[in-house]
Amino acid sequence: MTAMNKNFGLYLILTDPAAGYEACARAAVAEKIQYLQLRMKSRPHTEVITMGRRLREITAGTETRFIVNDDLETAIACDADGIHLGQDDLSIEQARAAWNTPGKLFGLSTHSLEQARAAEKTAPDYIGIGPVFATATKKDTAPVVGPEETGRIARAVSIPSVAIGGINAENLPEVLNAGARNYCVVRAVNAAADPRAAIRALQAIWTKHII
């Protein structure tokens with residue numbers, strides 16, 4: 001598996017999608033979205049693993065890499081392509097030691113320039129930067145970073161980064177113009193009846209501003 005690209009556009013998180021998890025995953029694969037994360041908070045562990053294995057089947061052999069949020073046990077059980085960790089989860093070093101399989105991706109959430117620079121020392125494959133805007137999809141979020149500071153952080157680090165938090169088709173141009181190269185959405189696709197059309201519209205905005 002090749003190293004993570006610095007410019008890939010949409011990183012899609014799936015949380016209670018209106019069209020269903022599998023339909024959204026198929027849409028992401030069809031649009032060649034490079035990173036797809038499963039985030040099922042407060043659900044039974046067996047249910048998360050079952051869904052993770054379904055998404056693994058859908059993404060296997062495609063350009064879409066399947067990431068699991070927070071839960072290393074689930075990521076291993078599903079043979080996911082990687083795991084995304086928060087500041088209060090396992091450290092990158094601990095996760096790599098526990099999942100010592102070549103080619104796996106390890107992402108880390110950061111909420112400030114200081115955290116982003118500290119993350120560089122542990123060399124995750126990418127970092128999330130945010131929340132850019134206020135978001136209702138996560139509880140107990142860090143203070144809003146804002147698009148300008150998000151762009152400043154993205155430019156200050158050498159590893160790939162993804163802007164996250166409250167991003168949609170309306171404010172995505174502002175985020176990209178501020179300096180972010182990649183972006184993550186939740187509701188902008190999960191709330192859509194036609195997830196493929198939503199993905200396509202978002203990536204068209206990204207292409208216009210970045211490519």
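# A working chat on histidine 84 and its surroundings

Modeller: In this predicted model, the side chain of histidine 84 makes a polar contact with the side chain of tyrosine 126, at 2.8 Å. A polar contact here is a pair of N or O atoms within 3.5 Å; within protein, one must be able to donate a hydrogen and the other to accept it, and residues adjacent in sequence count only if both atoms are side-chain atoms.

Biologist: What are the ground rules for the numbering and the values?

Modeller: Residues are numbered from 1 along each chain as its sequence is written, and side-chain values use heavy atoms, with hydrogens and water left out. As this is a predicted model, local features need pLDDT of at least 70 and side-chain atom pairs count only at pLDDT 80 or more, whereas totals for chains, interfaces and linings use all residues.

Biologist: Where is histidine 84 found, and is histidine 84 buried or exposed?

Modeller: Histidine 84 is found in strand E4, residues 82–85. Helices (H or I, at least four residues) and strands (E, at least two) are DSSP runs, numbered from the N terminus. Histidine 84 is buried because its relative accessible area is 8%; buried means under 20% relative accessible area, exposed over 50%, and partly exposed in between, with a 1.4 Å probe and protein chains only.

Biologist: Which residues is histidine 84 in contact with, leaving aside its neighbours within four places in sequence?

Modeller: Among them are Tyr11, Gln37, Asp70, Leu108, Tyr126 and Gly128. Contact means heavy atoms within 4.5 Å.

Biologist: Asp70 is on that list. What is the phi of aspartate 70?

Modeller: Phi of aspartate 70 is near 70°, a positive value in a residue other than glycine. Most residues other than glycine have a negative phi. Aspartate 70 lies in the loop between strand E3 (65–69) and helix H3 (72–77), and is partly exposed because its relative accessible area is 23%.

Biologist: And what about aspartate 16?

Modeller: Aspartate 16 also has a positive phi, near 50°. Its place is in the loop between strand E1 (10–14) and helix H1 (21–30). At 58% relative accessibility, aspartate 16 is classed as exposed.

Biologist: Which residues does the cis peptide bond join?

Modeller: The cis bond joins glycine 130 and proline 131, with omega about 5°. Proline 131 belongs to the loop between strand E6 (126–129) and helix H6 (147–156).

Biologist: Gly130 brings me to threonine 110. What does the side chain of threonine 110 reach?

Modeller: That side chain reaches the backbone oxygen of glycine 128 at 2.8 Å. Threonine 110 is part of strand E5, residues 105–110, and counts as buried because its relative accessibility is 1%. Leaving aside neighbours within four places in sequence, the contacts of threonine 110 include Gln87, Ala116, Ile127, Gly128 and Gly130.

Biologist: Changing topic, what about methionine 51?

Modeller: Methionine 51 is found in helix H2, residues 45–59, and is buried at 12% relative accessibility. Leaving aside neighbours within four places in sequence, methionine 51 is in contact with Tyr21, Glu22, Leu38 and Met40. Its C-alpha atom is separated by 20 Å from that of phenylalanine 106, and by 19 Å from that of alanine 191.

Biologist: Is alanine 191 buried or exposed?

Modeller: Alanine 191 counts as exposed, at 56% relative accessibility. Its loop runs between helix H8 (187–190) and helix H9 (195–210).

Biologist: Finally, the whole protein. How many helices and strands are there, and why does the radius of gyration agree with a compact globule?

Modeller: There are nine helices and eight strands. With 211 residues, a compact globule would have a radius of gyration near 17 Å, and the protein has 16 Å, so the two agree. That radius is taken over C-alpha atoms, and the globule rule is 2.2 Å times the number of residues to the power 0.38. Buried residues make up 51% of the 211.
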